[in-house]
Structures are given as structure tokens and as C-alpha cells.
Amino acid sequence: MIIAVLGVLENGADYGPIATETQLDRLNYLLNDTKSKILLTDSVVAAKYSSNTKFCNSKLLLDSQWDDLATYSPLQINLELGKVSLAVILYTSGTTGKPKGVKLSH
């Protein structure tokens, strides 16, 4: 997971950690609210959410897909990330309503 997170940040994307015990409705909310394009996870967590079509179409299984990733050519990405470039989104518990995202920059 550490390698994946560093890759996400190095390529200028942002990362939003989600606890493995997150309920399906909260997971859907977080994915929709952040307009996530892909979910980095493992086979055990993916199996827990297998009934969720959106989740199943946008995941990368970090414990079983490394060989697939090795077939892609490395890209040279020349990004200039500034202090205001989004790096991480952390969500509140949502106990008083819908969870709210807190955006942290580089």
C-alpha cells in the first residue's frame, strides 16, 4: 500500500484513505463525493464489497495485480506540484450528518 500511495502522490493525484471496516453505504458516499476513479485495495477487502458494481469496476488489487502492472511501460510525468496542490482528503466520522472531506495540500 505504501508503494501505491507514493505512486499516486508522485503522479499528482490525490489519496483518500478509507478504513477496511467501512460500511458499504459510507464507501459509496466517499467514492461518489470524491469522484474517485480507482480504489486501491486487496482481494480480502474487495470480496467484502463484491456486490457493489461501481466498486468492482474501479479497483486495483494490490495483492494480486502487480504482475499485470509490470506489463505497462513507465511514464515520465513532469508535474510541478505546488503547496496548494491537493495531496490527501480525510473524512470526518459523519456522526452529525454526512461526512465532510478535509483537503490537505502538498
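Visitor: What does "buried" mean for the residues here?
Guide: Buried means under 20% relative accessible area. By that cut-off, 24% of the 106 residues of the protein chain count as buried. Keep in mind that this is a predicted model.

Visitor: How many helices and strands does the chain have?
Guide: The protein chain has five helices and four strands. Starting at the N terminus, the elements run α-α-β-α-α-β-α-β-β.

Visitor: What box do the C-alpha atoms fill?
Guide: Along the principal axes, the box is roughly 45 × 35 × 20 Å.

Visitor: On to α1. Which of its residues are buried?
Guide: Helix α1 covers residues 2-10, and its buried residues are A4, V5 and V8. They line one face of the helix, because they fall within an arc of 100 degrees when seen down the axis of α1.

Visitor: What covers the buried residues of α1?
Guide: The cover includes β1, residues 39-41.

Visitor: What follows α1?
Guide: G12 does, and its phi is positive, near 85 degrees. The C-alpha atom of G12 is also 8.6 Å from that of E80, although the two residues are 68 apart along the chain.

Visitor: Where is E80?
Guide: E80 sits in the loop between α5 and β3. Its relative accessibility is 81%, so E80 counts as exposed.

Visitor: Changing topic: how much space lies in the largest pocket?
Guide: About 1,500 Å³. The pocket is lined by 46 residues, and those closest to its centre are A4, V8, I38, L40 and L60. A4 and V8 are also among the buried residues of α1.

Visitor: Which elements give two or more residues to that lining?
Guide: They are α1, α2 (24-34), β1, α5 (66-69) and β3 (86-91). α1 gives the most, with five residues.

Visitor: What is the lining like by class?
Guide: The lining of the largest pocket has 29 nonpolar, 10 polar and seven charged residues.

Visitor: Which residue has a positive phi although it is not a glycine?
Guide: K35, with a phi of about 55 degrees. As background, most residues other than glycine have a negative phi.

Visitor: Where is K35, and is it buried or exposed?
Guide: K35 lies in the loop between α2 and β1. With 65% relative accessibility, K35 counts as exposed.

Visitor: Last one, K48. Where is it?
Guide: K48 is in helix α3, which spans residues 43-48. K48 is partly exposed, because its relative accessible area is 46%, and exposed would need over 50%.

Visitor: What is K48 in contact with, neighbours within four places in sequence aside?
Guide: T20, E21 and T22.

Methods. Residues numbered from 1 in each chain as written. Predicted model: local features only at pLDDT ≥ 70, side-chain atom pairs only at ≥ 80, totals over all residues. Heavy atoms only, no water. Buried < 20%, exposed > 50% of the residue type's maximum accessible area, 1.4 Å probe, protein only. Arc of directions from axis to C-beta. Contact = heavy atoms within 4.5 Å. 1 Å grid on protein atoms, 1.4 Å probe; cavity = no way out; pocket = protein on both sides within 12 Å on 5 of 7 lines; lining within 4 Å. Points joined across faces, edges and corners; volume = space filled by probe spheres on them. Nonpolar A, V, L, I, M, F, W, Y, C, P; charged D, E, K, R; others polar.
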